[in-house]
Amino acid sequence: MEFKVSELEREPADFDLQLDPGAVDLGGEGEQVGPLATSGRAEVIHEHRGPREIVADIRLKGSFSGKFEVPCARCVEPVEVPLAAAFDLIFRPLGVDGGASDRSISAPETEIGYYQEDSLALEDVLREQVLLSLPVRTLCKEDCKGLCPRCGANRNNQPCTCEAGQSDPRWEALAGLRSQIKS
Ligand SMILES: [Zn+2]
Ligand SMILES: [Zn+2]
């Protein structure tokens, strides 16, 4: 869904949507596996920067909830992560803060995003918000055994036979050398 500044100038847009699985593309970070519910309001806010300069910002306020899958930090198996969050964001026209001198990086400034060519895509905003609310580190289970660093087997599913030689540091060195040669 796109919000057009010219349309928002006439009246704010309320939205209440169910986005299909995959509508929000998280790249390699994870996947949207269920429908994503989102609702809120987009409106234009005029920033008066001087007697003649008025900047049309888009304020987007709302919330989302949905199911995502992210890889386990140890064994890279997909882990289901339900997420829900609220947002209240300001988007300025791209380029309006162009001068390096007036770009002050105070805390509230970091909340400001930019829109291009008169429109803002809701999906882009949601992608950013989902990525921000993802946990830093997700494990499939508290005691996930992870992958064997030597053969790559998932140790949750199969006991690894590499385990035996692990105590001998000479084998460690040799294994390290071998992986260097391979790469
Ligand atoms: Zn795991
Ligand atoms: Zn192994």
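Cys 151 is partly exposed at 47% relative accessibility, where partly exposed lies between buried, under 20% relative accessible area, and exposed, over 50% (1.4 Å probe, protein chains only). Cys 160, by contrast, is buried at 12%. The model is predicted, so local features need pLDDT of at least 70 and side-chain atom pairs count only at pLDDT 80 or more, while totals for chains, interfaces and linings use all residues. Residues are numbered from 1 along each chain as its sequence is written, chains are lettered from A and ligands numbered from 1 in the order in which they are written, and side-chain values use heavy atoms, with hydrogens and water left out.

Donors here are N, O and S atoms within 2.8 Å of the metal (3.2 Å for Na, K and Ca); water is not among the atoms, so sites may look incomplete.

The zinc ion (ligand 1) has the SG atoms of Cys 72, Cys 75, Cys 140 and Cys 144 as protein donors, 2.3 to 2.4 Å away. This site is also tetrahedral, with angles of 104 to 114°. Its donors follow the spacing C-x2-C-x64-C-x3-C. Cys 72, in the loop between S5 and S6, and Cys 144, in the loop between helix H2 (122–133) and helix H3 (169–182), link parts of the chain 72 residues apart. Helices (H or I, at least four residues) and strands (E, at least two) are DSSP runs, numbered from the N terminus. Cys 72 is buried at 2% relative accessible area, and Cys 144 is buried at 5%.

Charged side chains come next. Side chains of opposite charge can pair when their charged atoms come close. The structure holds 6 salt bridges, each a side-chain nitrogen of Lys or Arg within 4 Å of a carboxyl oxygen of Asp or Glu. Glu 47 pairs with Arg 92, with closest N and O atoms 2.9 Å apart. Glu 47 lies in strand S4 (residues 36–48) and Arg 92 in strand S6 (residues 78–93), so this pair ties together parts 45 residues apart in sequence. Both residues are buried. Glu 47 also forms a salt bridge with Arg 49, at 3.3 Å, and Arg 49 is partly exposed at 30%.

Another salt bridge joins Glu 80 and Lys 67, at 4.0 Å from N to O. Glu 80 lies in S6 and Lys 67 in strand S5 (residues 54–71), so the pair ties together parts 13 residues apart in sequence. Glu 80 is partly exposed at 49%, and Lys 67 is partly exposed at 44%. Shared partners join Glu 47, Arg 49 and Arg 92 into one salt-bridge network.

The largest pocket holds about 450 Å³ of space. Its lining has 19 residues, with Phe 91, Gly 113, Tyr 114, Val 125 and Glu 128 nearest the centre. H2 supplies the largest share of that lining, 6 residues.

Conventions
Four donors count as tetrahedral if all angles lie between 85 and 135 degrees; four count as square planar and six as octahedral if opposite donors are over 155 degrees apart and all others between 65 and 115; anything else is irregular. On a 1 Å grid over the protein atoms alone, a cavity is a set of points where a 1.4 Å probe fits but cannot get out, and a pocket is an open set with protein on both sides within 12 Å along at least five of seven lines; lining residues have an atom within 4 Å of a point. Grid points are joined across faces, edges and corners, and a volume is the space filled by probe spheres set on the points.
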